[in-house]
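Here is a short report on the fold of one protein. Look over the sequence and the model before reading on.

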Amino acid sequence: MPDTAEQAPPLAALRPIDILIVEDSPDALDLLLLALRRAGYAPNHRRVEDAEDMARALREHAWAVVLSDYTLPGYSGLLALRQVREFDPDMPFIIVSGNIGEDVAVAAMKAGAHDYLIKGHYARLGAAIEREVKEAGIRRARRKGERELHEARLRLQALSNRMLQVQETERRHIARELHDEIGQSLTAMKLNLDALQRRLAGHAALPLAVEATDIAEGLLEQVRALSLDLRPPQLDDLGLAAALSWLVKRHGRPEGPAIVLDTPEHPSRLDAQIETACFRVAQEALTNALRHAGAGEIRIDLRQGDGRFELQVRDNGCGFDLAAAQNRALQGGSLGLIGMGERVLLAGGTLHIDARPGAGTAVIASFPSPSPYSGD
Ligand SMILES: Nc1ncnc2c1ncn2[C@@H]1O[C@H](COP(=O)(O)OP(=O)(O)OP(=O)(O)O)[C@@H](O)[C@H]1O
Ligand SMILES: [Mg+2]
């Protein structure tokens with residue numbers, strides 16, 4: 001039984017609403033408008049009956065809801081639904097149709113319609129519109145939040161990428177400056193002091209010259225070490241494996257843990273950003289293992305296979321609670337773990353840290369590898 005017998009609320013109490021109605025029959029439209037008024041709405045409506053009308057209506061006005069017949073000559077509820085969803089996936093779309101059968105209604109809902117009413121049976125109309133308009137608001141707010149979050153993430157990533165690039169360029173520059181300019185001046189000074197020592201043989205000022213030579217030598221060594229620590233030239237000139245080999249020698253101590261490096265015999269060069277990321281990860285993971293793990297052995301491996309390139313740094317030390325350490329790091333406690341993840345991500349790879357208290361630590365950086373290591 002069509003439920004049209006209720007009285008409409010007084011005009012002043014009606015809530016204005018912008019409604020787009022897909023309907024070919026003027027009589028059906030009148031009944032629908034009447035039902036809307038009875039449901040408490042003062043509809044500002046436009047009727048469309050083909051795709052062209054629909055496109056124009058969507059362009060020209062912001063509609064709160066679309067009420068759509070299911071079958072129309074030359075157009076259909078499903079076509080209208082597709083058009084509306086392409087224009088605004090959050091716009092509420094309610095099918096109002098003659099009895100179209102359950103499977104058709106289910107298919108329409110699957111295609112994105114929000115509700116389905118049978119023509120003439122409008123008891124649920126007001127509640128359906130109210131609910132769908134409210135939910136559309138929630139969906140839009142959520143989508144906006146997601147978009148803003150995504151944009152913020154992109155901005156942060158661009159910033160972090162730029163910061164890491166600038167940091168590497170600065171390090172390369174300072175390392176060269178230290179090595180070439182300051183290092184060479186100190187070498188010249190040391191040579192002069194050597195010559196001075198020879199001329200001062202037997203003179204009372206000789207011990208002063210010897211001391212000055214020792215100081216110059218010490219300085220020269222410190223400057224060289226500082227320059228290499230900032231960015232070893234092997235990384236630019238010879239590649240990752242050579243730079244790792246230098247790193248291992250730099251940190252190896254007879255009294256410290258064994259540091260074992262395993263790289264392919266004749267490695268070919270990788271993308272510069274990946275090589276730098278891997279080197280910095282190895283540097284941080286090795287420093288962490290030496291500082292925190294109390295390990296007997298640390299292994300650094302470069303692996304290639306199945307279209308992937310992998311750097312692994314493993315120690316057999318005390319391990320740690322990764323989640324707790326990451327929490328501390330996010331509160332500004334430390335930078336190492338965050339920095340490793342960021343570098344690998346920006347170079348197009350993934351970082352996996354396997355750590356448990358008492359079970360050692362493995363840091364694995366993995367990259368897709370179109371240009372494999374050769375000759376191994
Ligand atoms: N290989 C490891 N073995 C044991 N504990 C580790 C290891 N690597 C990291 N940790 C633990 O995780 C914490 C966080 O490491 P992270 O590198 O972020 O900071 P950090 O080394 O303390 O400081 P920095 O900011 O100088 O790197 C460390 O303080 C340590 O407790
Ligand atoms: Mg660290």
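The sections below cover the domains, the sheet and the helix packing.

## Model and domains

This is a predicted model, in which local features need pLDDT of at least 70, side-chain atom pairs count only at pLDDT 80 or more, and totals for chains, interfaces and linings use all residues. Residues are numbered from 1 along each chain as its sequence is written, while chains are lettered from A and ligands numbered from 1 in the order in which they are written.

The protein is divided into domain 1 (11–123) and domain 2 (239–376). These bounds come from an automatic or database domain assignment. The centres of domain 1 and domain 2, taken over C-alpha atoms, are 59 Å apart.

## The sheet

Five strands make an open sheet with mixed pairing, in the order S8-S9-S10-S12-S11. Strands S8 (258–262) and S11 (350–355) are at the edges. Each has a single partner strand, so one side of each lacks a neighbour in the sheet. Neighbouring strands of this sheet are turned against each other by 10° on average, direction ignored. Strands (E, at least two residues) and helices (H or I, at least four residues) are DSSP runs, numbered from the N terminus. Two strands pair if DSSP finds at least two bridges between them.

Strand S10 (residues 308–315) pairs with strand S12 (residues 361–368) in the antiparallel sense, over eight bridges. Glu310 stands opposite Ser366 in S12.

Helix H11 (residues 336–346) lies across S11 and S12 and runs at about 150° to S11. Axes are lines fitted to C-alpha atoms, for helices over the stretch in contact, and angles run from 0 to 180 degrees between N-to-C directions.

The axes of H11 and helix H5 (residues 125–199) come within 10 Å and cross at roughly 100°. H5 and H11 are therefore roughly perpendicular to each other (65 to 115 degrees). In H5, Gln157, Ser160, Asn161 and Leu164 meet Glu342, Arg343 and Leu346 in H11. Contact here means C-beta atoms, placed from the backbone, within 7 Å. The residues of this contact divide into two nonpolar, three polar and two charged. Ala, Val, Leu, Ile, Met, Phe, Trp, Tyr, Cys and Pro count as nonpolar, Asp, Glu, Lys and Arg as charged, and the others, Gly among them, as polar.

## Helices H8 and H9

Helix H8 (residues 240–251) packs against helix H9 (residues 272–293) at an angle of about 20°, with axes 10 Å apart. H8 and H9 are therefore roughly parallel to each other (under 35 degrees). Leu240, Ala243, Leu244, Leu247 and His251 are the H8 residues of the contact. Their H9 counterparts include Phe279 and Leu286. The contact divides into nine nonpolar, two polar and one charged residue.

Conventions
Contact = placed C-beta atoms within 7 Å. Parallel < 35°, antiparallel > 145°, perpendicular 65-115°, else oblique.
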